[in-house]
Every structure is written in C-alpha cells, then in structure tokens.
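This report describes one protein chain for a reader who is new to structural analysis. Please keep the sequence and the structure in view while reading.

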Amino acid sequence: MPRPLCLTEVFLIKKVAMKYSLCGPWLAAVLLASSLAFGATGTEQTAKPPAEALAALTTPDDLVVEQVLAEPNIRQPLFIDFDERGRMWVVEYLQYPFPAGLKILSEDKFLRATYDKVPPPPPNHFRGLDQITIHEDTNGDGSFDRHKTFLDGLNIVTSFARGRGGVWVLNPPYLLFYPDRDGDDVPDGDPEVHLQGFGLEDTHSCANNLRWGPDGWLYACQGSTVSGDIVRPGLDKKPVHSMGQLIWRYHPETRRYEIFAEGGGNAFGLEIDSAGRVYSGYNGGDTRGFHYVQGGYYLKGFSKHGPLSNPFAFGYFPAMKHAAVPRFTHAFIIYEGGALPERYEGKLFGVAPLQSHVVMSELRPDGSSFATTDSGHAITSSDDWFRPVNITAGPDGAIYVCDMYEAQIAHLRHHEGKIDTGSGRIYRIRSRGHSAIAGSDESKQSSRFNLGQLSSAELVQTLSHHNKWFRRTALRILGDRKDRSVLPALQDMLRSQTDQRALEALWAINLCGGFDDSLATQALAHVNPLVRGWAVRLLGDPGKASSETAARLASLAQSEAYVAVRSQLASTARRLPAEQGLPIVSRLLAHEEDLDDIHLPLLLWWAIEAKADADREAVLELAGEPEFWQRPIVTKHLLHRLMRRYAAAGSRKDLVTCAKLLNLAPDNEHRQLLMRGFEEAYQGRPLAGLPDELVEAMSKVSGQSLTLALRQGKPEAVEQALSVIADDKADGNQRLQYVQLFGEVRQAKCVPVLVDLVRRTADDGLRTAALAALESYNDPSIPGVVLEKYGQFTDEVRGVAQSLLASRQASTLALLEAVEAGRIDPQSIPLDVVRKLTVHRDPRVAALIAKHWGNIDGATTAEMQQQIARLTETIGASSGSPYSGKKLFTANCAKCHTLFGQGGQIGPDLTSYKRDDVPNMLVNIVNPSAEVREGFETYQAVTDDGRIVSGFLVDRDNQVVVLRGADGQNVTLAHEQIEELLPQRKSLMPEGVLAKLSEQDVRDLFAYLRSTQPLND
C-alpha cells in the first residue's frame, strides 16, 4: 500500500490547491496521486548513487539489468534511439516543465497553461536547457564511453528521428528538420520548420515519440492535455485543429500531415510492431494501452479533453482488454529483438513510473484487435526513486529503459519545482549469459557496424535479420536512398517468401518507389495476410486508386478470410472516393462473422459517414441495394446511426434524406430501426421545421400522430393542439412543440390562444416560443399585448419580443410610440434592433429613431482602433482567471457562440477558431462587421404580407429559406412568401460587448477564450 502523506506534504498540496482555486474531488485525487508518486514503502527514501540504485533493481533469473549511463553523462533522459552505427541518441528533458521565454497568463486546475506568446523556432528561439546527446561504445565492450552533444539550447524537445539526410526534431510547437548530409553530427545549417502548431499547454503531455513507420511516414503522439492547430508553413492557411490525445503522422516527401487515429489515453509512447501495427499506452488503470487502426476514434476523457472532432462518430473504440490493475503509464514496446530467451519474444514490456517497475504482458487476439494479460515484471525496484519513463529495443537485441530518477513523478509537484534536473539513468535488460556487445551473436558481423555503409543490395539482405531493429533501420536507409536498382531483388523476395520477409520486401518496394498497380495486384493476392493488409493500406494512402485497383479491392473485400485485412479494407474505404470506397463497404457488410468484432462495425459506419454529405446520393444508392437491408451488421449497427446522422445534421436536405431512407426501407421493422436513430437525434428537440416529405414518410411508421396531423393541417388536429396549449396542466414539452409548430403551419385560429399565452404564462420558454410563432401572423391584436407585458419580460424574452415588433411596420411604429410616451427606455433596445427598425420606410418611424437614437451608423474606424489598442494594453497588463472568464462568457457570449460544446448556435462555433490571436479577436469583437465569417452573412427577407426578417442563412432549398435571427430563433419562409431577399453589410453580432466589462473582467474573459480545452468547474 502507498504510505500516507505527512502533514507537511498535505499542507503543501492544499496550499497549491488554494492557489489555483481547487478543491473537492480534484484535491482528493491529487492527494492520492501524490501519495502513489512517493512510492510504496512506509518511509520516504533519499536518492541513491547510481551504483546503489542499480543494486536495488531485480529481474527474472534469466535476465540481467545493467546501468549503461548515469549522471553526469546523462540527465533527465526522456527518449532514446539508436543510429545506423549502433550509437545511442538521447533527449535530455532539462527544460521541463516550463518553456523558456514564455510567461504563463493563466492556468486551469489541470495545470494547462495559456502563455503570452508563441515561441519562435530556432535559430531565433528562446534558448532552453534541453539537448540531444550521442553516446558511443567505442570498443564493443557494451559500455558507452564516448559522449557528445548534437544539439543544445532546445526548448521542450521530446523526441527525434534520423533520416532523409538529417535529423527530425519534435520540439513543440514545431517539427524541425536539421540537415546533416555528411553525417558528421553537426547540422549543416538552420533547421527547416515542417510543421507548427503543436500545443505547449502541458509539457507533461505535448507531442512526443517521433519515429518512422515502415511506410515512410513519421508517426508520433499528442498527449491528452494539449491541443493542436497544425499548419505546414507556406502551404496551409487553415490549421488542422485537435483537442487532446491522438496519433498523427507526417510524410516528408509529400508534405502531408494527418491525424492517423483520434483519442486514447494520455498518449506518450509510440510502438510500431513488426506487422506495422500502431500502439500507445494509457495513464489510467485496467489496461495496458490502445491498439490504433487507421482512421479510428478512441475513448478519451471527453469532459476534460473535449469531444471527438467528428460529431457524427456515434461511438469509439475502447482500450485493449485487460484485468483490473493499478494505474499504468504510456510507453511500452512489443519485444521482437531475438536476443532474449524465447519466452520473451512478442511480449509487451511497459514502464510504470508510479509503481517503479517494468511490467510484462502477453498479447492475444481479440477479433481484429488484441487483449493483454500480465505475466510478471522485467524490473522491480526497492528504490522508490526509480522512475522509468520510456523504453526501446536496441541493435544488440537488449531492452533499454530511461529512468528520470525522481523522488516523485507527480505532475503537480513538478510544477511546484519538485524535480531534480541533475539526475538520470539508462538501463539495459539483456539475457543472462548473453554478451552485451552489439551484434556479437552474428559470427559474420563485427561488434562495431555501420548499416549506412552497406550497399543497397546488402540492406535488402538485412531485411531478413531476426532483430526488428536491423530490419527497420535497413528500411529507413533504403527510404533515404530510394535506390530503384534493388527493386528486382525485392520483387523476387515478395514473390518467393511467405513470412516476415515478404512484408519487409513490400515496405521496401514502396520506399524505393516501386509500388504500383502491377505490384499491388501481386500483393493483394499474397498468401501472407499481413502483405494483403498492407497493400490495401498503401493503396488507400493517396486517397484515390485506379478503377482497376478499386475493383480488385472490392473483390478482396468479398473473399477476404482474415479479419485484420477486412479491418484495413474498411479503413481504406473511408479514404477513397465514394464510387471506390462504398463498393468495398457493400461487400464487407456481407461478412456476418464481423457482427460483434471490436472494430469492424464502427469502421464500416465511419466509412459510410465520411460520404454522407458530399456523396449522399451514393450513400442512398448503397441503401437502395435490396441486400443492404438484410445484412446483420446493417440492422444492428448502421441503420440507426445513418438516420441519426442526417437527423442530427438537420438541414432540409438532410431531413429530406431521412425521408428517402424511410421510403427505401422494405418493411415496418426496418423503418422502426431508422426511427430509433431519428429519435436519438431529436431527443430534447421539437419536431418543428420538418419538410413535408419527411412528415409523410414518418406517418407510415408511427401512425397518425397529432404532430404529423397538425403539420398536415387537419382541422381536428388544430383544435386538439390548441386545447393542449391552453391547458396549463398539460405536458410542458408537448405544449412547447405545438406552439412552435403553429409558427410554421400558419393557422389563424391559433392567434388568440398564443396571445393569451403571452399574456398569462410564467414559463419563459413557452412565452418565447409563442412570441416567435406570432411573428408569422399579421394580426393587429398582437403588438398591443406584447407592449402591455413588455416590462415584465426577462432579457431573453424581451429580445424575441423586439424581433417580433420590428418585423412589421405597424408594430414597429407601436414600439416607437411606446418609447416616445416614456413607457420603454430607448437605451434598453439594442442598436442592432434599432437599425432593423429603419428598414420600414415611414416618416414617423424615421423621425422617432432620429429623436431617440440620433446617428446609428456606429463608431468610426478610428474610434474602433483606439478601443482595440486600449483593450490590448488592458489584456497584457496582468493575468486573468479562466474560471471567472467562463462565467462572463456564459453571461455575455454563450447565447450566440458555442465553445467546447456549450453555448448557442447563432454565431460561429469558437472551439476551432484561432483564439490565441488576441488582436484579431479584438477586431472581430469591437467591429463585428469588419469581417463576417463565411456562412454567417446576414440576409434580410421581405415577405408578401409586409414582414421583415433578418438573420443569417441557415438553410435553403427550392421550397424554403431558413433564417436565424439574433434572438436565436429559426424562421422558415416559403419561397412564394418572399418578395425580396438581400444580403446585408452588418453582422448580427452587436457592437460594444466589452464596454460594460471592467478591465479585470476583460482579462478574465480572454483567459477563458484562449483556453485550448474545456474547463471543468
């Protein structure tokens, strides 16, 4: 059991919690985590010298652990890799946890920081303490006796990868390339920035563990408590936005960046096994990590880390199954080095810094994925300072472990400065009785080697090596050279071999530029399923295949017996155009054996969903296949998701698609499955705004519901609905739905009932809906009642009332006369509403507006520039509280804007907006009409009965136009009603939003606006 914290430690943690306004369950979690972090003994230990720390380690009898590096030659090792000469390269993470040159403006309770600036890239960067060092065994005795520095002065560098004529360095927010063509360990010049935008909010989990995939892409992780806004300098204008954990990859030659899979744990540590499968660990319990497939969505801490980027994912993959175990960590390898005893081959070795051990697990198939079972420990320690944080396999077939060697490894304590940057060790686990000299088990291979000096033909031979390290390094060098002269030998290897050598040959052919349709045809028919699966993946990477190859993929989807290949076919189908991808999906749906597979049903859904909007006719064509409706995967997993997807999107086009799906369904049982998805999408939403086609299709499913009958204008339904509205004891949601429907179906009988509801109800939701519905009716009784009750309305209701009164000339004049008579304060009417009143061309209207508001054109550009300068100075003068800012956002902005899934839908969703650009945000807030975002342009419609409706265009088709006003209400207008529809220059967003806030309020609001992930109160 972990020892209890002493009173001093408890006081320190509580003091930190008070500093950051933290309490309750979070504090309890911190106390528990900090207790665990001090180790499992009853007394706090002190640091041991390297030799004593080594003596505290134990291993199984057939293994030996050796200390190969320690301080002062190495400090705070975070990442290790070996070059083609067998030299060890190490990231020394000395700058952690605070980036040099940056000022923290605010932090949330997860210690996610907002900084005052984005650090510039090298060579004009803020110099930090991090470095990449090289360590060499010069005499082959297993001891690293020569040490040099490749780069220093780095600032939060997490990993690197050698190749393509230099060294790729992951130094968030940048992916840098340092050229070193001559391989003299001295960069040839300044680095090139290939990617920028990796978040630095939490240096405990920023982008990490860069490494080559066998396909020639660089793969890496992004941790849970950072975000990404990735651009390729000089190429991209719009960033790829992400929140939280994921696996990403980058192709240096084609300059393509993409998210490989989204979600997972606090992804730190990346493993790619000999089959090319991708894994990362998990910093929670009851699992050893995640197996990532291309295009997958995975479990994440949703409330803490934000939603998945695809709102229509409708599901995600769990971690690999495992027995209940304590909190693990992130980094592991699957051992395939061939030098440890046979029982360790293929076993998972994972570092667990909280428990101060290295655990071992067995992998076993779990459908198209894996599950794990623990089988012991490779290292345990009686020294609580043993903090293994990363692990890799070397050219000698041994396993190497990075030990930061700290009294504790708790995130919070590191931020309090409780970290020893002077310590660090690296250990080697090898077979007992087996020499540590690299390559000593190969009689023809010297203990010192350099794969870079081998010919390309010799590298091809190395692809048959029993140690994955040699195979993967040879692949990387072949990818550097792109020597097509070895293609015949590689093609022969692919044809003649059936084991791992065939897969290595396929990868090498691809890296050397020989993967084409002819080669793909051979690979798709290969006896080795791993070759077939990788051929499928490589064909999908460009995003389009030839028609002949696409046909072969569809044929393979029908006949493929190996579940992992079918899994990759589903992933690839998503990437291909609809005309190529959906035939693959259609054939995969026939595999009833995949009905309950851990991955395939959702992969098939995501392949269809990717085409649901741009290629909806192709999706409907798929659904038009009679056999589609008979597939068990379709009925169990897809039908409700497909209907839900279109219903959730909610445009008229989407809702008409829902109707088409209902009409395609062969029987009522399938229509019921579709309606399940529709009901999921419309949970808590009224059935208002449905197109006639959908109403008619739904009536075939559920019988003649009152809602549908009302939409069809049946007199008895109108009477029944009005009686429900008038009944204060009736269900509130039902009353609300009927009120909203009367705003669309336009039944004059409803006006007295709705007017009476406005007059007497105390329910703001009902009153708002009634006012919005009454806007559709040109009835002289309406303005008087609205003005009579106007003073009793809440601000939200008053906004809808203002829209109603401003919509027609007679009611506008009535409103202005009330202002003239002193019954309504002119300052209570927002400027955007007053401007709307001017649309009515009436002398009396113009005179009253001039009298009470004067010039309403707005501030001049010069005045706005002065406001922006003043606010910029205010924001930069001191820090703000994002938690106070969240309350201000909720009160002032959330009616219109969504941030992290919360708020209104009148204006743009700010979640993926570039919110670290304070000057640009200020321009858009102070002068919202300066630049109106695409899709939020304001339109004004004039109807045939004199109504004026303003708002941004939500939807339109050949029957209706839908506008959403500043009050948040959608107004649906039939084309035959509209006399004029014109774009407007002004934004719906009012000016002067910040004018009523204090300087500290402004700082707090912007602290929240610059948060990169959700705040948990």
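A contact means that heavy atoms lie within 4.5 Å of each other. Among contacts between residues at least 6 apart in sequence, 65% join residues at least 24 apart in the protein chain.

The model is predicted: local features need a pLDDT of at least 70, side-chain atom pairs count only at pLDDT 80 or more, and totals for chains, interfaces and linings use all residues. Residues are numbered from 1 along each chain as its sequence is written, and side-chain values use heavy atoms, with hydrogens and water left out.

**Confidence**

The pLDDT is the predictor's confidence in each residue, from 0 to 100. The protein chain averages a pLDDT of 88, and 91% of the residues score at least 70. Over residues 1-43, however, the pLDDT is below 50, and this stretch has 61 contacts in the model beyond near neighbours in sequence. Residues 437-446 also stay under 50 in pLDDT, with 18 contacts beyond four places in sequence.

**Overall form**

The protein chain contains 34 helices and 35 strands; helices (H or I, at least four residues) and strands (E, at least two) are DSSP runs, numbered from the N terminus. With a radius of gyration of 33 Å, close to the 31 Å that the globule rule gives for 1017 residues, the protein chain is as compact as a globular protein of that length. This radius is taken over C-alpha atoms, and the globule rule is 2.2 Å times the number of residues to the power 0.38. Along the principal axes, the C-alpha atoms fill a box of roughly 100 × 65 × 55 Å.

**Buried residues and cores**

A residue is buried under 20% relative accessible area, exposed over 50%, and partly exposed in between (1.4 Å probe, protein chains only). Of the 1017 residues of the protein chain, 58% count as buried. Helix H34 (residues 999-1009) is largely enclosed by the rest of the structure, because 8 of its 11 residues are buried. Among them are Val1002, Phe1006 and Leu1009.

In soluble globular proteins, nonpolar side chains tend to be buried together. A nonpolar core is a set of buried Ala, Val, Leu, Ile, Met, Phe, Trp, Tyr and Cys residues joined through side-chain atoms within 4.5 Å. Which residues touch the most other members of the largest nonpolar core? They are Met88, Ile132 and Phe678, in a core of 159 residues. Beyond four places in sequence, Ile132 is in contact with residues including Trp89, Phe150, Leu154 and Val169. A second, separate core of 54 residues includes Leu706, Leu754, Leu804 and Ile856.

**Salt bridges**

Side chains of opposite charge can pair when their charged atoms come close. A salt bridge is a side-chain nitrogen of Lys or Arg within 4 Å of a carboxyl oxygen of Asp or Glu. The structure holds 55 salt bridges, including those tabulated here.

| Salt bridge | N to O distance |
|---|---|
| Asp152 and Arg127 | 3.4 Å |
| Asp236 and Arg232 | 2.7 Å |
| Lys636 and Asp596 | 2.6 Å |

Lys636 lies in helix H17 (residues 632-649) and Asp596 in the loop between helices H14 (578-588) and H15 (600-609), so this pair ties together parts that are 40 residues apart in sequence. Lys636 is partly exposed, at 41% relative accessible area, whereas Asp596 is exposed, at 59%. Salt bridges also link Glu84, Arg162, Arg164, Glu253, Arg476, Asp480 and Lys482 in a network.
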